[in-house]
Amino acid sequence: MAASRSARRVLVVLAVALLLPSLTAPAQARQPSAHRDPGNGAERNTVAATGAPARALAAVAGENRRSGGQEGYPRQTRLRVFPEDPGDKAIKLGLLPYHALAPKLNALQQRSDRVSAEVIGQTTQGRDLYLVTVTAPESPAQARQQDRWRELIENNPVAAARDPRLARQYKAPVWINANIHGDEWEGTDGAMRVIADLATTTDPDEIGLLRRTRIHVTVTNNPDGRVAGTRANGAGFDVNRDHITSSQPESRAVRDVLIDTQPLVMLDEHGYTGTTLIEPATPPHGQNYEYDLYIKHAYANALGMEKAIGELGHPETTRADIPFRDYAPGDWDDWPPIFTPMYAVYHGAVGHTVEVPLRVNRGEYTGQPVEELRRRSAVNTDVAAATITAGVAYTDAHRRELIADQIELFRRGWAGEPQRDIPDGYVPGFGEEDRYQVEFPRAYVIPAGTAQRSAPAAARLVDHLVANDVRVRRAEHPFRLAGRTYPAGSYVVDMHQPKRGLANVILADGKDISADVPQMYDISGWSHRLLWGASVDISHAEAPTVRTTPVVAASPTGAVSGPAGHPLALTLTDGKDVQAVNALLAEGVPLSRRSDGTVVVPAVARRQAIELAQRYGVRFTRAPAGGPGTPLHGPVVAAAASADELAVLRELGFTVHPVSTQALNDGFSLDGIDVLYVSSGLNHGQLTPDAKSRLAEFLTRGGVVTRGSTGAAFNAATGLLPVTAVAGRGDANGVVTVTNGAGPVGAGSPGHTFVYSPLWFTDLGAGVSAEQRYAAKDPLVAGHWLPSAGGNGPAQAAGEAAVVSGVADAGARTVLFGTEPLFRAHPKGLFAQVARALYWSTVR
Ligand SMILES: [Zn+2]
């Protein structure tokens, strides 16, 4: 029924074309590139991260000091004030610089008992993240009652649905997130305006609203980016791609806000799409949603926000693009849980991305006159404020129904009921192309004992699930489930639980949606079960009957076994193992590596091993008999890499110096470097003759590890390994099945990996080994990977080498990755592959 979608698009396009001939919206609707801003563009492979170490920013005045009476509202914190920064990029736009926020919020808190500010975290550069709550004052007893009701909704929805006082008196939580992309500023300014207005209003309707509503506002979710004028945060990560990875303090902070406040509705304020954009999104829709409960409110709320911006009176804000209504499938989808509003849906919120219209960043920021920029930012601020006000008004007007629907969401989870079939026209335009569903399994089991591939990986996954408010339980006794036997201490995720959608979106394999839509906005495949390194079993029908206890934190996994006075062994299976090895090397412990990859630790280092086993949860065992192996050195790495890769390499404990074409041309010395990592921003053809000759000298003694097309081009230009690199479609991505070779990188790797712009290697010359190959048949498990014009779909990659190694004629030990083992710091179970490549290619 694509007809219904195109029909509604054609109507809109016609209406706009007739009424507003000067606007370009119709063309945008057909040309995705006009508004697509996926954030994983070519720059990830062309710009090397400089990785300046984080400098902790000191506040100039005061410390964050909470006043008394913390249990009710207001619960105010006198915020510390940061130094005035005349370089703050918001200033040119006439918007609030970061340093102005704390003084303004302090003043508002002094003036109004409806405003509470709290500090919910710090950025990598040391700036405070603020949560502001606007609501009518509550006594501690009243606030406790609100907390009890919120918990009742999630934990006993049947009782919550029957509680008439709850229906009358539960204050509707709304969450506004602003400025998660640092160079999309005005959400902050619009939110601050709404906060200030509500703080001092004497309008009885607005005062009444605040008695029925708690408005929670993270006024800037990316202060480092706001000041610097960058989309990414201070560590170079796109925070709005980090949900369900939670690698960044900014995403962890708002995750906790979401869990603690359980909003009915949330808005994530962005920019700049030309025409204001308000979700709901196009298909494919996340298949783990209770989509019926979401779309009826999301669509109606979007229409209300569109009306509100239309009433602003600006010629640029007469209408909005609502992707669900106006765009083609795949053009602006809500499939992956990496975006804040999509992630919020799994916590019970009706989530919307809002994009304010008029571009003021990038080329416009430097190219437009200041007056024009400020005019645009003023319009954008009006749009942000209007959508926030309208979203809050919708919540208040539909408070009882929204509460009932959130209760229903959690009730279905506890009851294990199937998702609802949604009829055509359920909301205008809903049709076959909008139907995405799953059959939830009955339980997942994360085994303890020998069935577990990696104990630290299992513990990390359990802690991650718990941090995401997924219920995990620990078996007190051995048990059988779905034909398998599990030891006591195994973890059970019973899918009869309130946030089963979130549990499933984290643990399920996902789906190959290549045939469903022509393209996708961002990633289409992920799976903690397949990519995070732990063994996770699925029980489709059978419920566990063993006695279990709730898990607050995973059990410690670290251990040192084997007799004292005997060498110990560690296998580099997980990033945690790598961290332990690098920590031992940093302490000067002499390590060696056997040909099977086992790292041998001398008996004298037992004390350090015990300490590191506790710190990282890794397991040292008695070293098997055999030769000492070859000495293992901690490589000094020069990396022309993207920011996410740089961050992971450092987290693993490697010494990494950022490098790039420019740095080499400026005289970067390769003396003392053991391995060159190349994936982004190093182009051999652009090197000066001097840089080329230093590099050629390096390649006679140093190792090389590369990733992706930039790395493959470097390999070809330097003539290292004789292979032909073949590239799949640039936006193809997902989880693929692989077979591993017995070499230093492939041996012991998981049976799945992640690809983005997949690459493979053919015509393997003499001395080149395939460390890993795409599965011989149907390698794509989950994601979106269509053949490009010349083919190069999954069928062509099948059976081909995904990772290769060899020793170049010049001497360099070289590993080429066609996969994405470090992508956005997400696939934790793959990190050790890169570490093993770095150790292997280091020769001293
Ligand atoms: Zn954005």
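Two strands are taken to pair if DSSP finds at least two bridges between them. Helices (H or I, at least four residues) and strands (E, at least two) are DSSP runs numbered from the N terminus. The structure is a predicted model, in which local features need pLDDT of at least 70 and side-chain atom pairs count only at pLDDT 80 or more, whereas totals for chains, interfaces and linings use all residues. Residues are numbered from 1 along each chain as its sequence is written, and side-chain values use heavy atoms, with hydrogens and water left out.

Within these terms, A569 stands opposite T621 in strand 23. Strand 20 (residues 568-570) and strand 23 (residues 619-622) run antiparallel and are joined by two bridges. Strand 19 is also joined to strand 23 by two bridges, but these two strands run parallel. The bridge partner of A559 in strand 23 is R619. These strands belong to an open sheet of six strands with mixed pairing, in the order 19-23-20-22-21-24. Strand 19 (559-560) and strand 24 (630-632) stand at its edges; each has a single partner strand, so one side of each is left without a neighbour in the sheet. In general, strands of a sheet pair through backbone hydrogen bonds, either parallel or antiparallel.

Residues are called buried under 20% relative accessible area, exposed over 50% and partly exposed in between (1.4 Å probe, protein chains only). H181 is buried, at a relative accessible area of 3%, and H270 is buried with a relative accessibility of 3%.

The structure contains 57 salt bridges, each defined as a side-chain nitrogen of Lys or Arg within 4 Å of a carboxyl oxygen of Asp or Glu. One of them joins the side chains of E290 and R500, with an N to O distance of 2.8 Å. E290 is in the loop between strand 9 (282-285) and helix 12 (291-310), while R500 is in helix 19 (residues 500-507), so that distant parts of the chain, 210 residues apart, are linked. Both partners are buried: E290 has a relative accessible area of 6%, and R500 one of 3%.

A salt bridge of 2.7 Å (N to O) connects the side chains of R376 and E372. Both residues lie in helix 16 (residues 370-397), four residues apart, which is about one turn of the helix. R376 is buried, at 14% relative accessibility. In a further salt bridge, the side chains of E476 and R547 meet at 4.0 Å, N to O. This pair links distant parts of the chain, 71 residues apart: E476 is in the loop between strand 13 (473-475) and strand 14 (479-481), and R547 is in the loop between strand 17 (537-539) and strand 18 (548-550). E476 is partly exposed at 36% relative accessible area, whereas R547 is exposed at 55%. Salt bridges that share partners also join E290, D292, E408, R411, R412, E417, R420 and R500 into one network.

R473 is located in strand 13 and is partly exposed, with a relative accessible area of 33%. Contact is counted when heavy atoms are within 4.5 Å. Leaving out residues up to four places away in sequence, R473 touches S490, Y491, V492, T548, T549, P550 and V551. The C-alpha atoms of R473 and V552 are 8.8 Å from each other, although the two residues are 79 residues apart along the chain.

In helix 25 (residues 689-698), the buried residues are A691, L695 and F698. Seen down the helix axis, these buried residues fall within an arc of 55 degrees, so they line one face of helix 25. The arc is that of the directions from the helix axis to the C-beta atoms. The buried residues of helix 25 pack against helix 24 (661-665), strand 27 (675-678), strand 28 (703-707) and helix 26 (708-718).
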